[in-house]
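Subject: Structure handover

Dear colleague,

Here is the structure you will be taking over. My notes on it follow below.

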Amino acid sequence: MAPVNADIVNGSKVTSPVKKTLPEVEDNGKRYSYEMLVETANFLLSKTDVRPVIGVICGSGMGSYWNEGSLAENISQPECIAYEDIPNFPISTVEGHHGKLVFGYISDVPVVAMQGRFHYYEGYPLWKCCLPVRVMKLLGVKALIATNAAGGLNPNYKIGDLMIVRDHINMMGFAGNNPLHGPNDERFGPRFPPMNKAYNYEFRKVAKEVAKELNIDNMVREGVYTCLGGPNFETVAELNMLKMLGVDAVGMSTVHEVITARHCDMSVFALSLITNECVTSYDHDAEANHEEVLDVGRMRQDILRDYVSKLVNRFVKYLPQNP
Ligand SMILES: O=P(O)(O)O[C@@H]1C[C@H](O)[C@@H](CO)O1
């Protein structure tokens, strides 16, 4: 029998979305202490003079790469630090997620942006996916803006719409998989944090006002997001179940980041870009795919950049002041 060529499948060259080999993606039960994250934060503070007050996580195709016109491109005086150069940081493995922290200014507000996030399906445990959120907290960040690409389950949503996240359903948490699972360090937050005000009311109100000012309110919705483990897209039966539960948009991120941010008392705003229609009927031919997700991200990058920039500018006045 001829030896198997790992690069060739069904006669064609494999174009794997994994762009980097993972040295050790498993956590092996090892958790990072508060002191290790302080070390990470101090390393970053020694590399830049920017003292960010807002953190932005760029979702798939939503500034997760450095593209002319993207949200990340709109950061002025940018100082980039690759994840692989940051002590204790994971690395990005997903196509369209660059793997850099960008320090700089949006609308004159000091920010730090993640160009590329970490997903559970990459092999990282949830606490490690959310490690950057805790690092942001230690850097002095007071508010998190998490963006994501998501499938539209609400039948009124169209591809290219933006959904302000009003609330989430933590499906993975129902099965006991939670970023706060394990020993609690009170220096970050309480053992039992509330989640009924996870998505800041003022931020959502302002976001709807800004949508009107930018004349994009016809494409801005507000709804409920859920995160599944991925990496496969959902079955028809799964989507119909989620629809019955009141989910408007389905993705593979954000929920655990928001839980981590709220645990350490950061204010949160989240925005989903509807990149595809969720297929809820067996008669439907369409199949979800990552290329479409990235394409819609590119299609909406100008609107998203302008929207998030204005939001940053307006959110500042709602940030908690130092005691
Ligand atoms: O990082 P986000 O949540 O924006 O990425 C979504 C979920 C998967 O990673 C990917 C699927 O295309 O897009």
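**The ligand site**

An oxygen atom of the ligand is 2.9 Å from an N or O atom in the side chain of R117. Such a pair is a polar contact (N or O atoms within 3.5 Å; within protein, one must be able to donate a hydrogen and the other to accept it, and residues adjacent in sequence count only if both atoms are side-chain atoms). For the side chain of H119 the distance from a ligand oxygen to an N or O atom is 2.7 Å, and for the side chain of H290 it is 2.6 Å. On its own the ligand exposes 350 Å², and the protein buries 96% of that area. Accessible areas come from the Shrake-Rupley method with a 1.4 Å probe, and for residues only the protein chains shown count as cover. There are 13 residues around the ligand (a heavy atom within 4 Å). S60, H119, Y121, S253 and H290 come nearest. Strand β7 (143–152) and helix α8 (290–299) each supply at least two residues of this shell.

**How to read the values**

This is a predicted model: local features need pLDDT of at least 70 and side-chain atom pairs count only at pLDDT 80 or more, while totals for chains, interfaces and linings use all residues. Residues are numbered from 1 along each chain as its sequence is written, and side-chain values use heavy atoms, with hydrogens and water left out.

**The protein as a whole**

The protein has nine helices and 11 strands. Helices (H or I, at least four residues) and strands (E, at least two) are DSSP runs, numbered from the N terminus. Of its 323 residues, 52% count as buried. Buried means under 20% relative accessible area, exposed over 50%, and partly exposed in between (1.4 Å probe, protein chains only). The accessible surface comes to about 15,000 Å², and carbon and sulfur atoms hold 50% of it. Among contacts (heavy atoms within 4.5 Å) with a separation of 6 or more, 82% join residues 24 or more positions apart.

**The cores**

In soluble globular proteins, nonpolar side chains tend to be buried together. A nonpolar core here is a set of buried Ala, Val, Leu, Ile, Met, Phe, Trp, Tyr and Cys residues joined through side-chain atoms within 4.5 Å. The largest one has 51 residues, and L101 and L144 have the most contacts inside it. Helix α3 (residues 131–139) gives the largest share of this core, five residues. Apart from it lies another core, of 34 residues, including I106, V111, I216 and L273.

What does L101 touch, leaving aside its neighbours within four places in sequence? Its contacts include L44, E79, I81, F89 and M114.

The side chains of T48 and E79 make a polar contact at 3.1 Å. T48 counts as buried, at 2% relative accessibility.

**Helix α6 and its surroundings**

In helix α6 (residues 236–245), V236, L239 and L242 are buried. Seen down the helix axis, the buried residues of α6 fall within an arc of 125° (taken from the directions from the axis to the C-beta atoms), so they line one face of the helix. An α-helix has 3.6 residues a turn, so residues three or four places apart point the same way. The buried residues of α6 pack against α4 (171–174), β9 (220–227) and β10 (249–251).

Just after α6, G246 takes a positive phi of about 100°. In the loop between β9 and α6 lies P231, and the peptide bond from G230 to P231 is cis, with omega near 0°.

**Other backbone points**

Most residues other than glycine have a negative phi, and most peptide bonds are trans. Q77, in strand β4 (residues 76–82), has a positive phi near 45°. N88, in the loop between β4 and β5 (100–106), has a positive phi of about 70°. Are these two residues buried or exposed? Q77 is exposed, with a relative accessible area of 59%, whereas N88 is buried, at 19%.

Regards
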